[in-house]
Every structure is written in structure tokens, then in C-alpha cells.
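Me: I've got a new model to go through with you. Here it comes.

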Amino acid sequence: MENIIKDIDIIPAEEAQACDYKITEEENTGKQKKLYIESYGCQMNFSDSEIVASIMKENGFDTTANFEQADVIFLNTCSIREKAELTVRKRLTQFKSIKKEKPELTIGVLGCMAERLKDKLLEEEKLVDVVVGPDAYRDLPNLVKVAEEGDKGVNTFLSREETYADISPVRLNSDGVSAFISIMRGCDNMCSFCVVPFTRGRERSRDPHSIVKEAQELFAQGYREVTLLGQNVDSFKWSPEENNKARLNKQEDAVSKVINFANLLEMVAKVDPLLRVRFSTSHPKDITDEVLYTMKKYDNICKYIHLPVQSGNSRVLDLMNRTYDREWYLERVAKIREILGQECGISSDMIAGFCSETEEEHQETLSLMDIVKYDFSYMFYYSERPGTLAAKKYKDDIALDVKKRRLQEIINKQSQHSLERNQLDVGQEQLVLVEGTSKRSEEQLKGRNSANKVVIFNKGDYKKGDYVRVKITDCTAATLFGEVVS
């Protein structure tokens, strides 16, 4: 397995349902036991694995990149796409065969699949020893001990308060330049296709002062970019008295102060002008002009927004329970362009072939893409997720070959738009943060510009973590190429 998350900009149709993954790196600090973690799915899962590694490290574990050397194997799972679940199930079967040769091995499933399929994994298929949901990671050392004594360790309790704000994550697979900071947990949006509200619980915002402290510590360690993570960052809302958004909304008049996402962005941006700030993911119903003006105010807040649309048709959006329509979404995009300019990067998620989607409605997704012209997108065909509102209420009635054909049309259009958007950068000078050596040549470096685009240029005397001004000279649909200016 590769030891990195795949960089996905434009993906072929056969890979469009795949999931990203990470594994732990080798660490030898003299601890008695070894922990191996495979993480699947979203950046939130990867961030959670860093929290898990920190908790286990405090309880006598080093990490390993070789599962054959592990005393404990954790799979941090994803239930968003069917492909992710199938991949994890196959992997569990492989690990189960290893356990026959090494019976003292403890195998655990963490995250969204643990929450959704705990009974099936434990009783029916007997694949695992430990099952732990996203809010119960503090209990992991105890649950591992329970498993080592011959019982099953289970905790899938969903908390209304847990944010892990006091835990300093172990940075897994870090390049030493960019790091993720989790700012909130859970989701209150009930999109009909999504299992997250059921597997991660209600929205809770982390103490913003702990977020700023983590950003300060990362900067002191040499990191030059942080990404603020949440299922829906724009709905970040915290007060000293209450971090649960639903409860906070009911008693807002009774709390001493409220810090929203725009306030938090500013607090992190002020850590240091040399610390770049990114965030993901934004929800079209929640992103405010205040956030956009805050982004404009600070040069070190990157001019890039991931704004998932899912569909370009209002009826389908209503079935998805996205709580906005086509016109609202396009107004938000227009406001981004008005405040932050045409150079601001915008990316999206899109689902082809949602329940009852007609050919005309699919065409509306394509026409919306023509209006917005996304820099890149994450594109999937619809796969029904058990337990969701869509699975209960709607028939998955679009044939697989139709879904795949519609997805390919979306991918083709996105490839065209990505190239068009990148061509606009040719001739411009851009500030690039160096992330490391290019995969193609040891003599070239790669980094990202403010709009989250990969830029390749000759190495010279520059190194990882440097800011370099680069003039863009050429491009493909996925990459910019340039020459150092200064």
C-alpha cells in the first residue's frame, strides 16, 4: 500500500468510486508494543487517526508501517461510499487470516463503519476484537485490554460534547509543512444520501483558544500551513458556556459571547503572516459574506473554497435535503467571485444518478458546471447507503450503466474546465509553498499556490517549507509548471 493520500484532481471513471487511505509510519521510541493504523475516506478520518495514535502512544505503543509487526491493528473506516466499505471488509478478511497465525493480535474497527455495523462485525462475521465509534477514542486503551483478556471491546457511544481539544495529535505521514486541525465534530445537516449525522453525531465546536494554541505549536515546529477541518466548518459556533450548536442556538441570549467561523479564521490567521490557513468543508447554505471578507482581509488565508454542490437541479437538491436550490448556490458563487475575484479557486463534490434524476436534470448539473467552471471536483455516481433517508424513502432507480455514463460526462466536462482555469494562470506570478520534491524528478520541487493548485518548478537552492515566487509558464488540467522569479 502507498504511504500517502492520493492527490486527486481529475479521476478516471473506473476510479471515481475509490477511497483515499493512509497508514502509520515507523516510529521506534522504545515502547513495548506496536500499533498499525489504516485510515480510509476523508481528511476527518485521517485527523482522527492522529488523535488515536496520540492516545495509544501515551499508553505504551509505538507506530509501525508493517502490519505484520503490529500487536494491535486498527482500521479507521468510512461509510460514505460503498467502495470504501467493501475495501475495508476485504482488508479485514485478510487480517483475520493473519490472526490465525498470530492469535494474540488485536484487530479493531474505528470510525463510521464501527458505529454503523458494530453488531454485524462482532457477532455475525466475527472479524474484529474491538469496535469503537468516533467519540470514544479515549476509551481505546481500556478496550484493547478487554480484548487481550478474551472479551470484545465495544464503545460506540455518540457524545454531545467530545472534541478531543486537549489532545495533541501525533502527525502521521506528515511532510512537516502542512497539518490538519480538527475544529469541530459531527454534523446537523441531514442530507438524505449521507450517513455522517448517524455515525458522527451532532455538531460540537472545539474551544477556539485550543485551536489557536495548536496552530501556534505547529508553526513553532516549522509547519507553514494548517487546514481547519470540519464536516461543515461554516457552522462553527462556540461559547464558553456551550459547544453544542443545537443547544447554543436555543440559549444564545444567555451566553457571554459567541465565536463564529469568521472570528475563528481571523484568530488563526493572526498566529503569524507566514502561516497559511485553509479550511474544508464549506456548506453552500452556511458560507457567509463575513467569512469571504475575512478571507480577503488576510493574505495568508488561502483563496480557495471547497463548496460541494452535489447536483445542479433544484428538484434533486430538494430530494437530497441540501436546503438550498440552484439559484442560491449560484448566488453564493457570484458573491465569492465579487469579493475574492476570479482567481479564487472553487472545487466541488458531485453525485451522478441520484434517485429519480432525469436526463434533463443531469444536463442541469452540466450547465451549472459551465457557469461556475470549477478548478477541480470530486465526482461519484450515487451508491445507496443503508440507514439514510434516501434508502428509506427513495428508490435507487437509475441503472448502473446510466450512472456511469453520466459520471463520465461530468468528468469530461471537469477536465475541460480544469484545463481552462489553469490556462488563466499561465503568465502570472504566484507565491508557492514548497511541499517537497516532484515525483517526476529529484531536480524539481512541487508546492501549492493559494488556490490549492500543484505547481512544479526547478529545485535551485530552495527546500521544503520555503515560500517561492514562481511565474507560471505552462499547465495541464491537473498541474501548473513554472519558473522561479525570486
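Me: Let's start with Q342. Which residues does Q342 touch, not counting residues up to four places away in sequence?

Reply: Q342 touches R337 and R421. Contact here means heavy atoms within 4.5 Å. One caution: this is a predicted model, where local features need pLDDT of at least 70 and side-chain atom pairs count only at pLDDT 80 or more, while totals for chains, interfaces and linings use all residues. Residues are numbered from 1 along each chain as its sequence is written, and side-chain values use heavy atoms, with hydrogens and water left out.

Me: How far apart are Q342 and R421, in sequence and in space?

Reply: They are 79 residues apart in sequence. In space they are 9.6 Å apart, C-alpha to C-alpha.

Me: Where is Q342 found? And is Q342 buried or exposed?

Reply: Q342 is in the loop between α11 and β16. Helices (H or I, at least four residues) and strands (E, at least two) are DSSP runs, numbered from the N terminus. Q342 is exposed, because its relative accessible area is 51%. The cut-offs are under 20% for buried and over 50% for exposed, with partly exposed in between (1.4 Å probe, protein chains only).

Me: What comes just after α11?

Reply: G341, which takes a positive phi of about 90°.

Me: Tell me about α11 itself. How many residues does α11 have, and what is its reach?

Reply: α11 has 15 residues and reaches 21 Å from first C-alpha to last. That is close to the 21 Å expected at 1.5 Å a residue. The expected span is 1.5 Å times one less than the number of residues.

Me: Which residues of α11 are buried?

Reply: R326, Y329, R332, V333, K335, I336, R337, I339 and L340. R337 is also one of the residues that Q342 touches.

Me: What do those buried residues pack against?

Reply: They pack against α9 (289-297), β15, α10 (314-319), β16, α12 and α14.

Me: β15 and β16 are on that list. Which sheet are they in?

Reply: An open sheet of 3 strands, in the order β15-β16-β17, with parallel pairing. The edge strands are β15 (304-306) and β17 (376-381), each pairing on one side only. From one strand to the next, the twist averages 10°. Angles run from 0 to 180 degrees between N-to-C directions, and axes are lines fitted to C-alpha atoms, for helices over the stretch in contact.

Me: How many bridges link β15 and β16?

Reply: 3 bridges, in the parallel sense, with β16 covering residues 345-352. Two strands count as paired if DSSP finds at least two bridges between them. Y304 has G345 as its bridge partner in β16.

Me: How does α11 sit on those strands?

Reply: α11 (residues 326-340) lies across β15 and β16. It runs at about 165° to β16.

Me: New topic. How many salt bridges are there in the whole structure?

Reply: The search finds 32. Each is a side-chain nitrogen of Lys or Arg within 4 Å of a carboxyl oxygen of Asp or Glu.

Me: Take K453 and D375. What separation do they have, N to O?

Reply: 2.9 Å. K453 lies in the loop between β19 (444-448) and β20 (454-458), and D375 in the loop between α12 (359-372) and β17, so the pair ties together parts that are 78 residues apart in sequence. K453 and D375 are both buried.

Me: What about E217 and K213, where do they lie?

Reply: Both are in helix α6 (residues 208-220), 4 residues apart, about one turn of the helix. E217 counts as partly exposed at 32% relative accessibility, and K213 as partly exposed at 47%.

Me: And E409 with R405, how far apart are the closest N and O atoms?

Reply: 3.2 Å. The two are about one helical turn apart in α14 (residues 400-423), because 4 residues separate them. Salt bridges that share partners join E357, E359, R405, R406 and E409 into one network.

Me: Last one. How many disulfides?

Reply: 0 in the whole structure. C187 has its nearest cysteine sulfur, that of C191, 6.4 Å away. The cut-off for a disulfide is a pair of cysteine sulfur atoms within 2.5 Å.
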